[in-house]
Amino acid sequence: MQSSIDPDYPNVILTFTYRGFDIQVSRDKWQEKYIYSAWANYELGSALAVPGAVTTKLAIRNAKHWVDRRISLSDRG
């Protein structure tokens with residue numbers, strides 16, 4: 001169990017900007033295998049766009065899809 005004295009910071013391995021969102025891909029181990037997550041940071045805050053993917057490429061692709069859906073929804077209303 002981790003305490004607040006020893007926080008678990010994400011291991012960011014890649015950052016890039018896509019359509020105005022700063023995407024951060026991180027890597028962690030779960031059940032002895034690497035798992036990748038992607039955060040989408042933007043003007044109003046940040047969101048966990050991809051909670052888990054088995055490869056970096058899949059995390060990137062899913063993060064881009066998340067951004068595209070969010071922009072598409074904001075254009076509608």
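Accessible areas here come from the Shrake-Rupley method with a 1.4 Å probe, and for residues only the protein chains shown count as cover.

**View 1. The whole protein and its surface.** Welcome to a predicted model, in which local features need pLDDT of at least 70, side-chain atom pairs count only at pLDDT 80 or more, and totals for chains, interfaces and linings use all residues. Residues are numbered from 1 along each chain as its sequence is written, while side-chain values use heavy atoms, with hydrogens and water left out. Carbon and sulfur atoms hold 51% of the accessible surface of about 5,900 Å². Of the 77 residues, 23% are buried (under 20% relative accessible area, 1.4 Å probe, protein chains only).

**View 2. The order of elements along the chain.**

**View 3. The open sheet.** Its 4 strands are ordered β1-β2-β3-β4 with antiparallel pairing; two strands pair if DSSP finds at least two bridges between them. At the edges, β1 (12-18) and β4 (45-53) each pair on one side only.

**View 4. Where β3 meets β4.** Strand β3 (residues 33-42) runs antiparallel to β4, joined by 6 bridges. Look for W39, which stands opposite L48 in β4.

**View 5. The helix on the strands.** Helix α1 (residues 56-76) lies across β1, β2 (21-30), β3 and β4, and runs at about 140 degrees to β2. Axes are lines fitted to C-alpha atoms, for helices over the stretch in contact (heavy atoms within 4.5 Å), with angles from 0 to 180 degrees between N-to-C directions.

Note on methods. Buried < 20%, exposed > 50% of the residue type's maximum accessible area, 1.4 Å probe, protein only. Helix = DSSP H or I, 4+ residues; strand = E, 2+ residues; numbered from the N terminus.
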